[in-house]
Amino acid sequence: MAAEIPSPNVHTVKDVHAETFINAYAAFLSKSGKVTAPANMDIIKTGHHRELEPYNPDWYFVRMAAVARKVYLRPRIGVGALAHWFGGAKNRGAAPQRFQKAARGLLRSVLTQLTKNGVVETVTMENEEGKKVSTGRTITSAGLSEMDRVARSLAAQEEE
């Protein structure tokens, strides 16, 4: 019988539960002081399908962490795909519910904040006519190491 090979203690964002990572990274972003929340954060809705603003006072940082995690998992994702991911069913009264995308302006502002902090960058390619076209967002190496550091600290807490 062969001896088991111990697995290395390398932990990434993929190895940690999504909810715990998002909450921990949101706390990291709010403590860092590099991120500024919008002034009208208390009245912004997250999409057309919502009636009220979120109840969590730190919801902007939670959404920012969730967007960063989604860009980490799916490189070259765009605003439209993120709006589809964060969308939901709209209650239309007696009529059947229909899917509505999330607020794209909010997602653009989140991506702008992440770009200013060096976590996310825009990927550009040339099309047939030679023009540069944006093909989505991806995580920078600094953002990758920052997010993996948070994931490793969570994994270390779980092991204890």
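I'll begin with the overall layout, then go to the core, and finish with a salt bridge.

A word on the ground rules: this is a predicted model, where local features need pLDDT of at least 70, side-chain atom pairs count only at pLDDT 80 or more, and totals for chains, interfaces and linings use all residues. Residues are numbered from 1 along each chain as its sequence is written, and side-chain values use heavy atoms, with hydrogens and water left out.

So, the layout. There are five helices and four strands in the chain, taken as DSSP runs numbered from the N terminus (helices are H or I with at least four residues, strands are E with at least two). In sequence order they read α-α-α-β-β-α-β-β-α. The C-alpha trace spans about 65 × 45 × 40 Å along its principal axes.

How much of the chain is buried? Of its 160 residues, 36% are, where buried is under 20% relative accessible area, exposed is over 50%, and partly exposed is in between, with a 1.4 Å probe and protein chains only. As for contacts, meaning heavy atoms within 4.5 Å, 60% of those between residues at least 6 apart in sequence join residues at least 24 apart.

Now the core. Nonpolar side chains tend to be buried together in soluble globular proteins. Here the largest nonpolar core has 38 residues; such a core is a set of buried Ala, Val, Leu, Ile, Met, Phe, Trp, Tyr and Cys residues joined through side-chain atoms within 4.5 Å. Phe21, Tyr25, Tyr60, Val67, Leu114 and Met147 have the most contacts inside it. Two or more core residues come from each of α1, α2, α3 (79-85), α4 (104-116) and α5, and α2 gives the most, with ten. If you zoom in on Val67, you'll find it touching Leu82, Phe86, Leu107, Val110, Leu111 and Leu114, leaving aside residues up to four places away in sequence.

Last, the salt bridge, that is, a side-chain nitrogen of Lys or Arg within 4 Å of a carboxyl oxygen of Asp or Glu. Searching the whole structure turns up one. Which residues form it? Glu146 pairs with Lys34, and their closest N and O atoms are 3.9 Å apart. Glu146 sits in helix α5 (141-159) and Lys34 in the loop between α1 (18-32) and α2 (59-73), so the pair ties together parts 112 residues apart in sequence. Glu146 is buried, at 10% relative accessible area, whereas Lys34 is partly exposed at 46%.
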